[in-house]
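Subject: Structure handover and notes

Dear colleague,

I am passing on the structure below, together with notes on what turned up when its geometry was worked through. Please read them alongside the coordinates.

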Amino acid sequence: MQLAIFGTGMIVQEVLPVLAGLEDISLEAILSTPKSLPQAAELAERYGIKQYTATLEDILTNPDVDTVYVALPNHLHYDYSRLALLAGKHVICEKPFTLTLAEYDDLVNLAQARDLFLLEAITNQYLPAFFELKKHLSALGEIKLVTANYSQYSSRYDRFMAGELPPAFDPQKGGGALRDITIYTIHLLVGLFGRPQAVTYHPNLWRGVDTSGILLLDYPSFKAVAIGAKDSWGRNGLSIQGNQGRLDMRGAANSLGPVTYQALQGEIETVSLASEQHRMEAEFRHFVTILAHQDKEAAAKAIAHSRDVMAILEAAAKDMSELTISLQ
């Protein structure tokens, strides 16, 4: 994979040591804003990135780049992914893919028309703990209730409460708990159980922004709750309750911690420990394999999963904007 990176933010600074350590990834270029160009130059020097620039066209016309990783603020994902596809580059896009389902479908159609790969960077779908959770579902009997919580006090929350509007809290830029943090628990639940038949979203709103909220997912035979918060913190994890046993995962939904299984009236058994690898390593190894083997079946499966998540996000955002009738 001959990779260009769009962005110099926190996620890029976190993933670069991982990417630099993967043999099958060549770091060809990094794109920044003019203001952040000195930072891009420093990252290029540190990680051996061959080109740094604040000019998008420099990368889109670079013949040594075959894949672009879009790690920009949420509201820029669609435009930059589309431009990369039009330039003939494969695209790996950070979550959320886009702000609307229509934008997502447009990217998918464009990628298919140009025979390009389009993938969403969502860590939990590729971690060992995820596969252990999935493997043990059948031991639970009839699943009845599922609870997933990912709450993380945002480093930008105090600025927001002081009257500022950083992108992480700007609804017009894809900010808020639903798209920024609850999306991890949505991906986790959809990966384990598929698409629900209905969702409702109950947010805590401040200045029109969902700083935290509870998403209810209605499956045919059980109910699931996805909790996400940027205004508080709690015990992160996942609990799956069945009539024959339970599964618990302790940890954040973007990294997944240890997994335990307990049969009805049985002893607690640890079935998976926390991964020693960085949480983003497994997904990029998977993307390298897809591209190297031109695995369209695996890519199509990932695209279908992402579309289910996008449909949930859109339904939840619509539900958030509708009036709630209070009990009298």
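First, the conventions. This is a predicted model, in which local features need pLDDT of at least 70 and side-chain atom pairs count only at pLDDT 80 or more, whereas totals for chains, interfaces and linings use all residues. Residues are numbered from 1 along each chain as its sequence is written, and side-chain values use heavy atoms, with hydrogens and water left out.

**The sheet**

Helices (H or I, at least four residues) and strands (E, at least two) are DSSP runs numbered from the N terminus, and two strands pair if DSSP finds at least two bridges between them. On that basis, eight strands form an open sheet with mixed pairing, in the order 8-9-10-7-11-12-13-14. Its edges are strand 8 (198-206) and strand 14 (268-272), each of which pairs on one side only. Neighbouring strands are turned against each other by 15° on average, direction ignored, where axes are lines fitted to C-alpha atoms (for helices over the stretch in contact) and angles run from 0 to 180 degrees between N-to-C directions.

Strand 7 (residues 143-151) pairs with strand 11 (residues 237-242) in the antiparallel sense, over six bridges, while strand 7 and strand 10 run parallel and are joined by seven bridges. Strand 9 and strand 10 are antiparallel, with seven bridges between them, and a hairpin of four residues connects the two; here Leu216 stands opposite Val225. Towards the edge formed by strand 14, four bridges join that strand to strand 13 in the antiparallel sense, and Tyr261 has Glu269 as its bridge partner.

**Helices on the sheet**

Counting heavy atoms within 4.5 Å as a contact, helix 6 (residues 128-136) packs on the sheet and touches strand 11, strand 12 (245-250), strand 13 (259-263) and strand 14, its direction making about 130° with that of strand 14. Helix 8 (residues 177-193) lies across strand 7, strand 8, strand 9 (209-218), strand 10 (223-229) and strand 11, and runs at about 150° to strand 10.

**Backbone points to check**

Most residues other than glycine have a negative phi, and most peptide bonds are trans. Against that background, the bond from Lys95 to Pro96 is cis, with omega near -15°, and Pro96 is found in the loop between strand 5 (90-94) and helix 5 (101-113). Arg207, in the loop between strand 8 and strand 9, is not a glycine but has a positive phi of about 55°. Gln265, in the turn of the four-residue hairpin between strand 13 and strand 14, has a positive phi of about 60°. With buried meaning under 20% relative accessible area, exposed over 50% and partly exposed in between (1.4 Å probe, protein chains only), Arg207 is partly exposed at 42% and Gln265 is exposed at 82%.

**Charged side chains**

Glu283, in helix 9 (residues 281-293), is buried yet has no salt bridge, the nearest side chain of opposite charge being Arg279 at 6.0 Å. A salt bridge here is a side-chain nitrogen of Lys or Arg within 4 Å of a carboxyl oxygen of Asp or Glu; Lys and Arg count as positive and Asp and Glu as negative, with His and the chain ends not counted. The side chain of Glu283 does, however, reach the backbone nitrogen of Ile122 at 3.0 Å.

Asp308 has its place in helix 10 (residues 296-321), and its side chain makes a polar contact with that of Arg195 at 3.4 Å. A polar contact is a pair of N or O atoms within 3.5 Å; within protein, one must be able to donate a hydrogen and the other to accept it, and residues adjacent in sequence count only if both atoms are side-chain atoms. Leaving aside residues up to four places away in sequence, Asp308 touches Val190 and Arg195.

Best wishes
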